[in-house]
Amino acid sequence: MSALAVEAEGLVKTFGSTQALDGIDLQIPQGTVLGLLGPNGAGKTTAVRILSTLLRPDAGWARVAGMDVLTDPHGVRGKIGLSGQYAAVDANLTGFENLYMISRLYGMPRSRARARARALITRFRLDEAAERTAKTYSGGMRRRLDLAGALVANPQVVMLDEPTTGLDPRGRLDTWEVISELVADGAGVLLTTQYLEEADQLADTIAVIDRGRVIARGTSDQLKAQVGGERLEMVLDHAADLPEVAVVLAEIGSGQPTLDAQSRRISIVVDGGAKSLIEALRRLDLQSIPVQDVGLHRPTLDDVFLKLTGHAAESGATP
Amino acid sequence: MTAVATSVLRDSSIITWRNLLNIRRIPDLLLGATVQPIMFVLLFAYVFAGSLGGAAYREFLIGGIFAQTVAFNAAFTTMGLANDLHKGIIDRFRSLPISRLAVILGRTTSDLAVNAITLVVMSLTGLLVGWRIHSGFASAAAGYLMLLLFAFAMSWVGALVGLLCRTVEVAQSAGLIWLFPLTFISSAFVPTGNMPGVLKVAAEWNPVTAVADASRELFANTVPATFPPPGGWPGEHSVLYAVLSSVAIIAVFAPLTVVRYRRVARR
Ligand SMILES: Nc1ncnc2c1ncn2[C@@H]1O[C@H](COP(=O)(O)OP(=O)(O)O)[C@@H](O)[C@H]1O
Ligand SMILES: [Mg+2]
């Protein structure tokens with residue numbers, strides 16, 4: 001038995017003249033989350049489709065839950081739960097019926113399928129909506145129902161393709177909570193996302209992909225170190241204070257602060273997040289230096305891409 | 001082997017259940033599948049019958065409309081699969097550990113149920129315009145079974161068309177267009193004997209002709225005296241040919257459809 005939930009090497013997939021995947025290697029230990037981070041068109045969905053046996057790669061191999069996706073796709077399907085990029089729920093069935101159907105298709109007898117569907121309905125807080133057809137659901141509810149569908153058989157490996165895209169902040173938080181629970185249950189999770197923040201929040205390791213290639217991988221801390229972490233930015237009341245503040249910030253952050261006298265703006269890369277911000281404010285307060293505005297700016301996907309590839313993330317969408 | 005067969009039947013019956021729920025919740029679907037045949041019966045019965053043989057033509061006609069309507073069942077299957085494909089439901093099914101056959105078998109089975117309903121509605125409409133079953137119970141039952149077998153066969157062709165279409169819109173027209181020549185170049189509405197050369201041969205060997213003639217034969221319906229008798233080998237063995245061609249259609253299209261299902265990707 002391999003302790004790897006997912007193991008893939010050299011995955012290549014071409015659609016006509018589009019190279020969707022250009023040799024991707026992935027490893028996800030059981031009980032961890034791999035965040036596959038990349039802009040639109042990077043190849044995330046293609047990778048998920050290959051690993052979930054919906055698509056055959058042109059080259060390369062992959063094992064999921066210890067089974068080969070090419071030689072034993074049926075075996076793989078028995079061990080995975082997939083929630084695709086677009087929620088695949090049957091709009092004319094109720095939430096309960098959707099989950100009951102999937103439970104039955106996983107081979108559960110009627111009574112067990114009913115019990116499983118009810119348990120999932122409650123776990124995903126769909127109780128009030130359970131008997132309504134899914135077409136009456138909000139986007140967030142549909143997504144939760146789809147996620148629940150992926151978890152029917154307590155899969156060993158879960159693949160979630162952009163589970164929060166298109167959700168409002170509340171729906172996003174809900175979904176994050178569910179994903180954290182999954183990992184606590186010991187599943188290996190492949191999560192694709194366009195948001196660095198999401199990968200940061202949920203993933204143990206992150207693989208950044210662009211144009212079908214992994215261009216960086218590591219923990220979110222390692223990536224941030226590469227990209228430059230968060231920036232602490234301040235606007236002062238008096239430009240005259242800038243040199244003094246620069247000395248303070250240089251001690252708290254890493255590298256030299258950048259400053260702009262005209263807008264009285266100064267910023268520096270910090271590792272400590274909110275702690276660094278509080279520390280900076282405390283010291284400036286001790287020295288009675290007034291601050292007009294202060295903020296922490298996390299690096300966005302754009303920052304990551306700009307840094308790693310030299311081009312903005314959006315340009316990845318049109319190969 | 002039997003274990004595989006059992007699980008295919010089990011899974012496809014679950015999918016049949018799901019499809020029938022869908023049909024119940026969108027009554028428009030069933031309405032379309034019943035109103036159109038009723039309209040055809042009434043239009044042909046009253047517009048054409050006057051010049052084509054009156055009451056005798058009306059009885060002749062019903063067998064043809066039965067054949068035509070169950071052939072159009074194929075379009076129902078096409079649309080059902082195209083919709084599931086478009087909505088990503090097929091992706092969900094394909095990620096489950098179920099047989100590839102189960103999803104399509106579930107669809108062709110639920111469409112068979114729709115056809116049974118359609119046949120009941122049409123039979124009632126037929127009775128209204130003067131159509132009668134003159135044969136015995138066994139023969140009449142054989143007639144309906146033969147129609148359902150052909151409906152099931154056509155459903156597999158429709159399934160392949162649905163899986164070949166890139167979008168629901170394409171499926172909407174592609175699913176229907178081939179059915180018009182198929183059902184009109186046949187004895188469904190007029191006898192094949194009066195058609196010009198090539199068309200006549202095509203019509204004689206068209207399974208729709210066999211199904212229409214076989215249903216007239218099994219229900220012992222009248223044929224207008226002026227109509228030439230069905231020609232060619234199929235014309236003389238319409239029941240046998242209707243059954244054989246249905247079985248042949250399933251034997252060819254079921255494997256093709258399953259192969260296509262394996263490769264089908266959304267978008
Ligand atoms: N079935 C397909 N046919 C043609 N091109 C495709 C197909 N699927 C994906 N592509 C192309 O492959 C590239 C990667 O797509 P995808 O894996 O969907 O990226 P992502 O999920 O990261 O947005 C894109 O350029 C996309 O247009
Ligand atoms: Mg995608």
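Me: What is the handedness of the crossing of α1(B) and α5(B)?

Reply: The crossing of α1(B) and α5(B) is right-handed. A crossing counts as left-handed if the near helix is turned anticlockwise from the far one by less than a right angle, and as right-handed if clockwise. Before going on: this is a predicted model, where local features need pLDDT of at least 70, side-chain atom pairs count only at pLDDT 80 or more, and totals for chains, interfaces and linings use all residues. Residues are numbered from 1 along each chain as its sequence is written, chains are lettered from A and ligands numbered from 1 in the order in which they are written, and side-chain values use heavy atoms, with hydrogens and water left out.

Me: Why is α1(B) called oblique to α5(B)?

Reply: Two packed helices are described by the angle between their axes and the distance between the axes. Helix α1 (residues 2-25) and helix α5 (residues 100-128) of chain B pack at about 50°, with axes 7 Å apart. That angle makes α1(B) oblique to α5(B). The scheme takes angles under 35 degrees as roughly parallel, over 145 as roughly antiparallel, 65 to 115 as roughly perpendicular and the rest as oblique. The axes are lines fitted to C-alpha atoms, for helices over the stretch in contact, and angles run from 0 to 180 degrees between N-to-C directions.

Me: Which residues make the contact of α1(B) and α5(B)?

Reply: On the α1(B) side they include Val8(B), Leu9(B), Ile15(B) and Arg18(B), and on the α5(B) side Leu101(B), Val103(B), Arg107(B) and Val114(B) are among them. Contact means heavy atoms within 4.5 Å. By class, this contact has eleven nonpolar, six polar and three charged residues. Ala, Val, Leu, Ile, Met, Phe, Trp, Tyr, Cys and Pro count as nonpolar, Asp, Glu, Lys and Arg as charged, and the others, Gly among them, as polar.

Me: What makes α10(B) and α12(B) oblique to each other?

Reply: The axes of α10 (residues 207-218) and α12 (residues 238-263) of chain B come within 8 Å and cross at roughly 130°. So α10(B) and α12(B) are oblique to each other. Their crossing is left-handed. In the contact, residues of α10(B) including Pro207(B), Val211(B) and Leu218(B) meet residues of α12(B) including Val239(B), Tyr241(B) and Ser245(B). By class, that contact has eight nonpolar, two polar and two charged residues.

Me: How many helices and strands does chain B have?

Reply: Chain B has twelve helices and zero strands, while chain A has eleven helices and 14 strands. Helices (H or I, at least four residues) and strands (E, at least two) are DSSP runs, numbered from the N terminus.

Me: How do you know that the radius of gyration of chain B agrees with a compact globule?

Reply: The rule is 2.2 Å times the number of residues to the power 0.38, with the radius taken over C-alpha atoms. For 267 residues a compact globule would come out near 18 Å, and chain B has 19 Å, which agrees. Its C-alpha atoms fill a box of roughly 60 × 35 × 35 Å along the principal axes. For chain A, the C-alpha trace spans about 75 × 45 × 35 Å.

Me: Why is Phe72(B) counted as buried?

Reply: Buried means under 20% relative accessible area, exposed over 50%, and partly exposed in between (1.4 Å probe, protein chains only). Phe72(B) has 13% relative accessibility, so it counts as buried. Phe72(B) is found in helix α3 (residues 54-86) of chain B. Leaving aside neighbours within four places in sequence, Phe72(B) is in contact with Leu176(B), Leu179(B), Phe180(B) and Thr183(B). Over the whole of chain B, 52% of the 267 residues count as buried.

Me: Is Ala65(A) buried or exposed, and what about Arg211(A)?

Reply: Ala65(A) is buried, because its relative accessible area is 7%. Arg211(A) has 43%, so it is partly exposed. Phi of Ala65(A) is near 50°, a positive value in a residue other than glycine, and phi of Arg211(A) is likewise near 50°. Ala65(A) sits in the loop between β4 (59-64) and β5 (67-68) of chain A, and Arg211(A) in the loop between β9 (205-210) and β10 (213-218).

Me: What makes Ala274(A) partly exposed?

Reply: Its relative accessibility is 46%, so Ala274(A) counts as partly exposed. Ala274(A) belongs to helix α10 (residues 274-286) of chain A.
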